[in-house]
Amino acid sequence: MSARRLVGLETEYGIIRPQMPKANATVLSAQIVDAYAQLVAEQSSSAAAARWDYADETPLQDARGFAMDRDQAHPSQLTDAEPELEEQGVWTAESIALDGNDARVGSTLYQEKDSTDVVMNMVLGNGARLYVDHAHPEYSSPESLTPRAAVLWDQAGDEVMRRAAQTAQRLGSGELLLYKNNTDNKSVSYGAHENYLIPRAVEFPSIVQGLTPFFVSRQIYCGAGRVGQGMLNEKPAFQISQRADFFEAEVGLETTINRPIINTRDEPHANWDKYRRLHVIIGDANLGQISTLLRVGTTNLVLSLIEANMAPDLELVDPVQALQQISHDPSLKTRVKFRGGLELSAVEIQRLYLEASEKYCAERGIEDPDTTEILTRWAQILDILEHDPMQAADQIDWIAKYKLISGFTQRHQLSPADPRVAMMDLQWADLRTDKGLYYRLAARGAIQTLFSQDEINQAVETPPQDTRAYLRGMALQRYAPYVVAANWDALSFAVPGARKISRFHMSEPLQGTRQSVGDLFDAELEISEFIDELARRR
């Protein structure tokens, strides 16, 4: 129990084609995924890919002890089946450009290919998943055990997307621009989700009670910043979080409508009797590595508090309102109401969680480097935020963006409603390293980073070594022609001459590591020998 915990991050990217602003986003997303699959095939590199296995998906199971009826679910909740784009009629040139402007641009690839040949969902050689999530391309990172590893393989996802966009353009799909943000500022929000492995023995009500004030307030160091307030961008004012205004409930199963602060999806992708996967949908998509590190590391520690019954005893009067009040005040002075008459600022709330975490670790003698780093950074950033938030512009996403935009508007005497301000908000999230404002600041040394580009490139190609992602990723690297399907907790192999497919379950996320199966890959076994040895070790 420390800042170390099995974690995976998911990011849905915004996507547009500048020459065709009304192009069907689902088609554009499919072009991104398919382009990366073609890049993998061209390179025959370690970043091999396999199609996704939906057999173990249960997206409608609720942690509160029931399952939602399928006919009552929003289509976005049905993540246990691949989208059927052909049935939606979006593969023709005419439908790609809904306004009818130059529909031929970027459609050549899809006129020449049958839609069933387009790769929309695949597993990568680094253990990650790349797929079309309705109107967005999504990268789901491989499972990792430390906050730093979670950051590294999340950054690898940004690089995967950049390579995919470049390949799509080279293959004739036209220019595709990708944005690591969470809203189009026209009522639509898309997610940056987190997944944490926790014991099933922990009662779900204690998770709700312990996490709600923490999630409401942690945005002060992991918000991505947004120009505009309200779902419809009704007020042209800056706020801390891109996602805050799109949440309407405290607890629930939904992810795209009536969004809850605490999501109840019960789909562990692991041993059902032992584990629960906490699916967190309230986070922003961070470009900054320090914000992501704090987002993951502090949440890991707070989950340990909950498991030990040591979380602060706090209950907000109105969690949704508090979430938005905090987000709308970049000065961080707003105080939100708790049951019993207590009123606290976001910094004060976070201090209570920090102090509880420090006590927890001191009593148990937890001094590993990962935990020490998170506790130290957490304390330092709260001190800065309390005295002068702008001093954290080199570490925290929303502050870096706010400082940049504020300076621009002051120099040019612009109002927040000026279209150039909205354009800066969008350009901040541009994944192109020569265009994105975040990357331009980072290149000047104005943003602290944890990893070099070489390290990120390496993470694109290789999986973490200390989780089952190692087995998944290495199987794709060494035996890709025989891997017919894969998901988080299963691998399926088809061997010439064999009577049936060999399917291996990986219900223990900390098995299948470099330590436990690395020798099999080092031995360079034939596929039949590899499968036999893998079966023997189960």
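Biologist: Is Asn-185 buried or exposed?

Modeller: Asn-185 is buried, with a relative accessible area of 18%. Buried means under 20% relative accessible area, exposed over 50%, and partly exposed in between, with a 1.4 Å probe and protein chains only. Keep in mind that this is a predicted model: local features need pLDDT of at least 70, side-chain atom pairs count only at pLDDT 80 or more, and totals for chains, interfaces and linings use all residues. Residues are numbered from 1 along each chain as its sequence is written, and side-chain values use heavy atoms, with hydrogens and water left out.

Biologist: Where is Asn-185, and what is its phi?

Modeller: Asn-185 lies in the loop between strand E9 (177-179) and E10. Its phi is positive, about 60°, although Asn-185 is not a glycine. Helices (H or I, at least four residues) and strands (E, at least two) are DSSP runs, numbered from the N terminus.

Biologist: What about Gln-413: buried or exposed?

Modeller: Gln-413 is exposed, with a relative accessible area of 75%. Gln-413 also has a positive phi without being a glycine, at about 50°, and is found in the loop between H12 and helix H13 (419-428).

Biologist: Back to E10. Which strands does E10 pair with?

Modeller: Strand E1 (residues 7-12) pairs with E10 in the antiparallel sense over 5 bridges. E10 also pairs with strand E15 (residues 275-280), again antiparallel, over 6 bridges. Two strands pair if DSSP finds at least two bridges between them.

Biologist: Which residues are the bridge partners of Val-7 and Pro-199?

Modeller: Val-7 has Tyr-196 in E10 as its bridge partner. For Pro-199, the partner is Tyr-275 in E15.

Biologist: How many residues of E10 are buried?

Modeller: 7 of the 8 residues of E10 (residues 192-199) are buried, so the strand is mostly covered.

Biologist: And the chain overall, how many helices and strands?

Modeller: The protein chain has 18 helices and 20 strands. Of its 538 residues, 61% count as buried. Among contacts between residues at least 6 apart in sequence, 71% join residues at least 24 apart. Contact means heavy atoms within 4.5 Å.

Biologist: Helix packing next. At what angle do H5 and H15 pack?

Modeller: Helix H5 (residues 147-170) and helix H15 (residues 453-461) pack at about 80°, with their axes 8 Å apart. That makes H5 roughly perpendicular to H15. Axes are lines fitted to C-alpha atoms, for helices over the stretch in contact, and angles run from 0 to 180 degrees between N-to-C directions. Angles under 35 degrees count as roughly parallel, over 145 as roughly antiparallel, 65 to 115 as roughly perpendicular and the rest as oblique.

Biologist: Which residues of H5 and H15 meet there?

Modeller: From H5, the residues include Leu-152, Trp-153, Glu-159 and Arg-163; from H15, they include Gln-453, Ile-456, Val-460 and Glu-461. By class, the residues of this contact divide into 7 nonpolar, 3 polar and 4 charged. Ala, Val, Leu, Ile, Met, Phe, Trp, Tyr, Cys and Pro count as nonpolar, Asp, Glu, Lys and Arg as charged, and the others, Gly among them, as polar.

Biologist: What about the angle between H6 and H10?

Modeller: Helix H6 (residues 204-217) and helix H10 (residues 346-364) pack at about 135°, with axes 9 Å apart. That makes H6 oblique to H10. On the residue level, Gly-210, Pro-213, Phe-214 and Ser-217 in H6 meet Ala-346, Ile-349, Gln-350 and Tyr-353 in H10. This contact has 5 nonpolar, 3 polar and no charged residues.

Biologist: Now Asp-397. What does Asp-397 touch?

Modeller: Not counting residues up to four places away in sequence, Asp-397 touches Gly-223, Ala-224, Asn-286, Leu-287, Gly-288, Ser-291 and Trp-428. The C-alpha atoms of Asp-397 and Asn-286 are separated by 6.7 Å, and the two residues are 111 residues apart along the chain. Asp-397 sits in helix H12 (residues 397-412) and is buried, with a relative accessible area of 4%.

Biologist: Which contacts does Thr-292 have?

Modeller: Leaving aside neighbours within four places in sequence, Thr-292 is in contact with Leu-9, Val-151, Asp-154 and Asn-286. Thr-292 is in helix H8 (residues 289-307) and is buried, at a relative accessible area of 0%.
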